[in-house]
Amino acid sequence: MPARVTLFALAAVVALASAGFATQDVVRAQEAPIDVRVDLEPRRATLGDRVRMTVSVIHTDAVLITAEPPAPREGLTLVETVPVVTVVLDDGRLRSEFGFTFAAFELGTMQPGPTRVLWLHEDGRSGATEVAAPPFEVVSAVIGDASALRPLKPQAEYGEPPAAWVRPATAGGAVAALLLVAVLAVWLRRRRRPEPVTAPVVVAAGPEADARRALEELASSGLLQAGDFGTFYGTIAVVMRRYLEARFVFPATALTTSELDARMDDQGIERWQSRLAEGLLNRCDAAVYAGYTPDPVAADHDLTVAFEIIELSREQPAAEEPVSFERPAAGGNGASQNGAGR
């Protein structure tokens with residue numbers, strides 16, 4: 001009996017101690033002299049677009065505030081840290097805003113990592129509050145569906161011809177003379193005009209056209225539907241390296257992916273474009289050499305990313321309209337469907 005009483009008393013002491021620690025944590029959280037809010041703009045972006053995360057902290061002038069950059073996340077790159085801006089509110093308190101700008105390089109729903117807001121009160125108290133930003137969606141820049149049928153234009157409408165009694169009467173001889181003159185004029189014109197020369201068929205050439213044809217053949221090859229991810233990603237890697245080598249004139253086919261990333265910066269390729277290419281080639285290496293088996297939807301998105309890298313780095317003539325990013329659906333007849341649009 002005494003042993004049971006002793007065990008019961010010991011359990012009660014442990015429970016009270018735990019409750020005391022929990023109460024102390026609540027008090028500390030309630031005593032934090034700051035109010036933190038997080039916003040994200042925009043909530044929908046395309047690959048490479050800038051997304052701004054704003055951390056707003058409301059506090060008094062007796063509190064010093066600082067915010068750490070968000071924890072890194074795969075597919076998101078922190079491209080800019082905006083200096084803190086502090087304004088005085090109507091009630092005398094201060095609002096300090098910290099800005100962080102990201103660029104997304106993967107499709108789907110993304111969310112920046114949590115960030116910590118550190119505070120120090122003039123009476124010596126200090127603490128940290130961790131906050132997370134809301135998610136946002138990264139969508140493809142491809143416009144429309146290359147395999148979708150387009151509606152036909154409406155037929156032109158013409159008025160009815162005038163009645164026979166309204167038309168001016170002409171003599172049969174005058175009509176015959178006019179017909180004879182017309183025949184002679186046509187005969188003389190054909191006699192003077194040289195024989196027409198059949199224009200040669202012009203086939204689109206250049207690094208962009210060659211790379212697009214290779215990717216269209218891959219889209220219609222059926223490798224993705226068969227689950228042959230090694231061959232599928234290996235073909236994407238070969239096409240992209242050959243395209244970068246021909247387009248920017250450096251030995252991309254002889255470099256590793258990490259070496260290629262450094263050389264792309266040296267060649268003057270924009271950083272966000274080189275990030276797209278580096279991420280795609282890293283996934284190709286994982287599928288070919290490490291046995292990585294991706295989701296079929298993600299693999300189809302990677303094929304879309306390959307098309308977009310080619311279109312985004314294309315040299316655009318000044319007089320031409322912007323090129324729409326289109327690609328055939330994987331497994332479809334990409335080489336024949338709406339081929340003229342590319």
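## Stop 1: a salt-bridged pair

Select Glu 97: at 29% relative accessibility, this residue counts as partly exposed (buried is under 20% relative accessible area, exposed over 50%, partly exposed in between; 1.4 Å probe, protein chains only). The term stands for a side-chain nitrogen of Lys or Arg within 4 Å of a carboxyl oxygen of Asp or Glu.

Before moving on, note that the model is predicted: local features need pLDDT of at least 70, side-chain atom pairs count only at pLDDT 80 or more, and totals for chains, interfaces and linings use all residues. Residues are numbered from 1 along each chain as its sequence is written, and side-chain values use heavy atoms, with hydrogens and water left out.

## Stop 2

Pick Glu 137 and Arg 44. Their closest N and O atoms are 3.2 Å apart, in a salt bridge. This pair links distant parts of the chain: Glu 137 sits in strand β10 (136–139) and Arg 44 in strand β2, 93 residues apart. (Strands are DSSP runs of E, at least two residues; helices are runs of H or I, at least four; both are numbered from the N terminus.) Glu 137 is partly exposed at 36%. Arg 44 is exposed at 55%.

Next, select Arg 212 and Glu 216. Are they buried or exposed? Arg 212 is buried, at 6% relative accessibility. Glu 216 is buried too, at 10%. Their side chains form a salt bridge of 3.7 Å, N to O. Both lie in helix α3 (207–219), 4 residues apart, about one turn of the helix. An α-helix has 3.6 residues a turn, so residues three or four places apart point the same way.

Then show Glu 106, Arg 283 and Asp 302. A network of salt bridges links them.

## Stop 3: the open sheet

Show β1, β3, β6 and β5. In that order they make an open sheet of 4 strands, paired antiparallel. (Two strands pair if DSSP finds at least two bridges between them.) β1 and β5 (76–88) stand at the edges with a single partner strand each, so one side of each has no neighbour in the sheet.

Zoom in on β5 and β6 (94–104). They run antiparallel, joined by 10 bridges. Pick Val 88 to find one of its partners: Leu 94, in β6.

## Stop 4: helix α6

Select Thr 257, Leu 260, Asp 261 and Met 264 in α6. These residues are buried. Look down the helix axis: the buried residues of α6 fall within an arc of 105 degrees, so they line one face of the helix. (The arc is that of the directions from the helix axis to the C-beta atoms.) They pack against α5 and α7 (271–289), where contact means heavy atoms within 4.5 Å. On the other side of α6, Ser 258 and Asp 266 are exposed.

## Stop 5: backbone exceptions

Most residues other than glycine have a negative phi, and most peptide bonds are trans.

Go to Val 249, in the loop between α5 (229–248) and α6 (257–266). Its phi is positive, about 60 degrees, although Val 249 is not a glycine. Val 249 is exposed, at 67%. Just after α6, Gly 268 has a positive phi of about 85 degrees.

Finish at Pro 42, in the loop between β1 (35–41) and β2 (44–46). The peptide bond from Glu 41 to Pro 42 is cis, with omega near 0 degrees.
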